[in-house]
Amino acid sequence: MKLAEHPLLKSHLGKSAILDSNLLLLAWCCKFDPLLLNTFKRLNSFEAGDLLLLSETLNLFSTLWTTPHVLTEVSNLANSLPSWIRERWSEFFSKQILLIHEAYEPSCNLASDPVAFRFGLTDSALTRLASNHVILTTDWPLCGLLESRKLPVVNFNRLREAELSL
């Protein structure tokens with residue numbers, strides 16, 4: 001099956017998307033240095049095929065968005081990069097931020113949804129923004145919450161499990 005024909009993606013073609021922290025970290029780290037896929041502990045749950053799948057998946061969306069919360073998590077996760085890489089990473093990260101659309105929702109608004117807020121501030125922000133964007137995630141609880149609210153979400157793990165032709 002072709003990726004664009006996959007039932008998880010077909011209805012979302014051409015829409016805007018937001019990646020969760022793990023997927024944004026994967027995309028940016030591998031753009032920064034593809035060798036990090038095999039050496040950076042924060043990416044150890046991903047394989048080379050996952051990077052290709054993510055890249056092809058992102059090509060199906062019109063624009064990529066993020067939130068300050070996701071960016072903070074990516075920044076914090078990247079702090080465990082080896083010290084000799086971190087300075088170059090910081091420069092790269094700063095440039096990537098300039099290239100991505102950023103949606104902001106005040107934390108006090110996010111806290112007004114106690115169910116979503118129990119998942120954490122970042123997931124609460126993603127839940128709020130899911131009405132206008134497709135959320136791509138590896139997080140099963142977040143995916144379940146969004147699905148229960150009939151909000152657009154694609155669990156990347158399900159795409160990884162599918163037999164797709166890229």
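The legends below describe close-up views of a predicted model. Residues are numbered from 1 along each chain as its sequence is written, and side-chain values use heavy atoms, with hydrogens and water left out. Because the model is predicted, local features need pLDDT of at least 70 and side-chain atom pairs count only at pLDDT 80 or more, while totals for chains, interfaces and linings use all residues.

**View 1. The sheet is open and has five strands in the order β3-β2-β1-β4-β5, with parallel pairing.** Strands (E, at least two residues) and helices (H or I, at least four residues) are DSSP runs, numbered from the N terminus. Two strands pair if DSSP finds at least two bridges between them. The edge strands, each pairing on one side only, are β3 (101–102) and β5 (153–155). β1 and β4 pair in the parallel sense over three bridges, and Ala17 stands opposite Val134 in β4.

**View 2. Strand β4 (residues 134–137) pairs with β5 in the parallel sense over three bridges.** Val153 in β5 stands opposite Ile135, and Val154 in β5 is the bridge partner of Leu136. Helix α10 (residues 140–148) packs on the sheet and touches β4 and β5. The direction of α10 makes about 150° with that of β5; such angles run from 0 to 180 degrees between N-to-C directions, with axes fitted as lines to C-alpha atoms, for helices over the stretch in contact. From β4, Val134 and Leu136 point one way and Ile135 and Thr137 the other way, and all are buried. Buried means under 20% relative accessible area, exposed over 50%, and partly exposed in between (1.4 Å probe, protein chains only).

**View 3. Lys150 is in the loop between α10 and β5.** Its phi is near 60°, a positive value in a residue other than glycine. Lys150 is exposed, with a relative accessible area of 75%.

**View 4. Helix α2 (residues 21–32) has twelve residues, and its end C-alpha atoms are 16 Å apart.** The expected span is 1.5 Å times one less than the number of residues, and for α2 this gives 16 Å, in agreement. At the N-terminal end Asp20 caps α2, with a side-chain oxygen 3.3 Å from the backbone nitrogen of Asn22. Ten of the twelve residues of α2 are buried, so the helix is largely enclosed by the rest of the structure. Among the buried residues are Ser21, Leu23, Trp28, Cys29, Cys30 and Phe32.

**View 5. The largest nonpolar core has 47 residues.** A nonpolar core is a set of buried Ala, Val, Leu, Ile, Met, Phe, Trp, Tyr and Cys residues joined through side-chain atoms within 4.5 Å. In soluble globular proteins, nonpolar side chains tend to be buried together. Trp28, Leu43, Trp89 and Leu136 touch the most other members of this core, and α2 gives the most to it, with nine residues. Not counting residues up to four places away in sequence, Trp28 touches Leu71, Trp89, Phe92, Phe93, Gln96, Ile97 and Ile100; contact means heavy atoms within 4.5 Å.

**View 6. Leu54 and Thr57 are in helix α4 (residues 48–58).** Leu54 counts as buried at 1% relative accessibility, and Thr57 is buried with a relative accessible area of 0%. Leaving aside neighbours within four places in sequence, Thr57 is in contact with Leu3, Leu9, Leu136, Phe156 and Leu159. Leu54, with residues up to four places away in sequence not counted, touches Leu19, Leu23, Leu26, Ala27, Leu136 and Phe156. The C-alpha atoms of Leu54 and Thr138 are separated by 11 Å, and these residues are 84 residues apart along the chain.

**View 7. His12 lies in the loop between α1 (7–10) and β1 (17–19).** At 9% relative accessibility, His12 counts as buried. Residues that His12 touches, not counting those up to four places away in sequence, include Leu60, Phe61, Val134 and Pro152. Val153 and Val154 are also touched by His12.

**View 8. Helix α9 (residues 121–129) is mostly covered.** Seven of its nine residues are buried: Thr122, Asp123, Ser124, Ala125, Leu126, Thr127 and Leu129.

How values were computed: Polar contact = N/O pair within 3.5 Å; in protein donor to acceptor, adjacent residues only side chain to side chain.
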